[in-house]
Amino acid sequence: MSDREFKNPFQDYDESLEVFDFETNRLIDQIEGPLKENVFVLLQTLEKHLAAESTTSDTSVYTGTSGIALLYMRFMDIKLCSGKKDFLKDALSYVEPYITFLRKRDVTFLCGVSGPMAIASALFHRKGMTRESMDLARRLENLEREACASECPDELLYGRVGFLYSLLFLNKHLGADEFRDNIIKEVIKTIFESGQRLAKKFSNTDKAPLFYEWHGSPYVGAAHGFAGILYMLLQAKEYLTSEQITDLVKPSIDWILSLQYPSGNFPSSLGSKTDKLIHWCHGAPGVVHLLLLAYETFHEEKYLEASKQCSDVVWKRGLLRKGYGICHGVAGNGYTHLRLFQVTKDVKYLWRAVKFAEWCFDYGKHGCRTPDRPLSLFEGFAGTIYYLLDLLEPLNAAFPAFQLF
């Protein structure tokens, strides 16, 4: 144990423990009941604080109002929560008033304008407001020039794959169309060209045919680095050629795999020798999503074995003093185990995910650091609720604003 995490107090899984009923695809009642109860207790607390603060200066998904809308949107899809309240109305209340004030800056889903646009478009679509939905979708698509400009980085939070996610999000919720598909292909082409161009400047191009930096640093993790970029490309594999997948994406993933520490963790950036960050944004909890998708795509056991090592180190060191959020907190780390359960159907990993959720039941009682935006989706309260909510339907869970399911 270091000063970054708490010692894990929970018993790990053994075969005598009941967790999940595969006939009903539901958690057993003794787990599902308290989980659902805590979801609504925490939601009630969140809404109380939101009503008191009512700040609208930040409309982003990462720390602002659109992240709250995305949480309510998730509630709409959880059967155990249906009929509890008008989640569509609640979701729209956090994006609709601000649509006309969105201005071009960062073009990404998480930290830019395309996230609020995509979420509002999807919500209008659900409400049957087709014209309003498509108008927003076209506004979003018209950001292609900014996304493909040479000064735009490639990473997730502020760069091209963050814009790519917005386009894929629209396809998921509105259905694909030819115009948007052509934009997706252009963005992907630019991401590949950028990665190949930068790879030529480094001596390790024989290992990594794609190379990326953010602010001059070659980050490895999901938020700013290789893992997030390659993961988004692989999620868009229907738009990739077999040569791009085989000759560019796969060897780049294999190179990332070679960076795994003996502990199971990954460095935050190339050249780092410090095995300390266990976050979704930097470390194993973000890289594991790429490895598991690589396993599902290429069916090679090395990706699954590396993913299991990720779960082991997160189980040991993932109860973070930083807090309970999904970017750099316990909830985001919990998705490591949840995703492994989805892929392997091994209830050991669901047990681990549940225990991380139970730690979050005592939100604020462990003496963790208070995040800068304590109510937000990626730093604070809303993200923790999202994780607990996802556990109510564990086979349908998806890390928000990152995993397309």
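## Helices H1 and H14

Helix H1 (residues 29–53) and helix H14 (residues 347–361) have axes that come within 11 Å and cross at roughly 40°. Axes here are lines fitted to C-alpha atoms, for helices over the stretch in contact, and angles run from 0 to 180 degrees between N-to-C directions. H1 and H14 are therefore oblique to each other. Angles under 35 degrees count as roughly parallel, over 145 as roughly antiparallel, 65 to 115 as roughly perpendicular and the rest as oblique. H1 passes H14 in a left-handed crossing, meaning that the near helix is turned anticlockwise from the far one by less than a right angle.

On the H1 side, Ile31, Pro34, Leu35, Asn38 and Leu42 make the contact; on the H14 side, Val354, Ala357, Cys360 and Phe361 do. Contact means heavy atoms within 4.5 Å. Eight of these residues are nonpolar, one is polar and none is charged. In this scheme Ala, Val, Leu, Ile, Met, Phe, Trp, Tyr, Cys and Pro count as nonpolar, Asp, Glu, Lys and Arg as charged, and the others, Gly among them, as polar.

## About the model

This is a predicted model, in which local features need pLDDT of at least 70, side-chain atom pairs count only at pLDDT 80 or more, and totals for chains, interfaces and linings use all residues. Residues are numbered from 1 along each chain as its sequence is written, and side-chain values use heavy atoms, with hydrogens and water left out. Helices (H or I, at least four residues) and strands (E, at least two) are DSSP runs, numbered from the N terminus.

## Helix H4

Helix H4 covers residues 114–127. Its 14 residues reach 20 Å from the first C-alpha to the last, close to the 20 Å expected at 1.5 Å a residue. The expected span is 1.5 Å times one less than the number of residues. Gly128 follows H4, with a positive phi near 85°.

Eleven of the 14 residues of H4 are buried, so this helix is largely enclosed by the rest of the structure. Buried means under 20% relative accessible area, exposed over 50%, partly exposed in between (1.4 Å probe, protein chains only). Among the buried residues are Gly115, Met117, Ile119 and Phe124. The buried residues of H4 pack against helix H2 (65–77), helix H3 (87–93), helix H5 (130–141) and helix H7 (160–174).

## Two partners of H7

H4 and H7 pack at about 0°, with axes 9 Å apart. They are therefore roughly parallel. Residues of H4 including Ala118, Ile119 and Arg126 meet residues of H7 including Phe163, Phe169 and Leu174. This contact has seven nonpolar, seven polar and one charged residues.

H5 packs with H7 at an angle of about 155°, with their axes 11 Å apart. That makes H5 roughly antiparallel to H7. The crossing is left-handed. Ser133, Met134, Ala137, Leu140 and Glu141 of H5 touch Phe163, Ser166, Leu167, Leu170 and Leu174 of H7. Seven of these residues are nonpolar, two polar and one charged.

## Two buried loop residues

His328 lies in the loop between helix H12 (301–317) and helix H13 (330–344). At 15% relative accessibility, His328 counts as buried. Leaving aside neighbours within four places in sequence, His328 is in contact with Tyr62, His279, Cys281, Leu320, Lys322 and Glu379.

Gly380 sits in the loop between H14 and helix H15 (381–391). Gly380 has 0% relative accessibility, so it counts as buried. With neighbours within four places set aside, its contacts are Gly325, Tyr363, Pro371, Arg373, Pro374 and Leu375.
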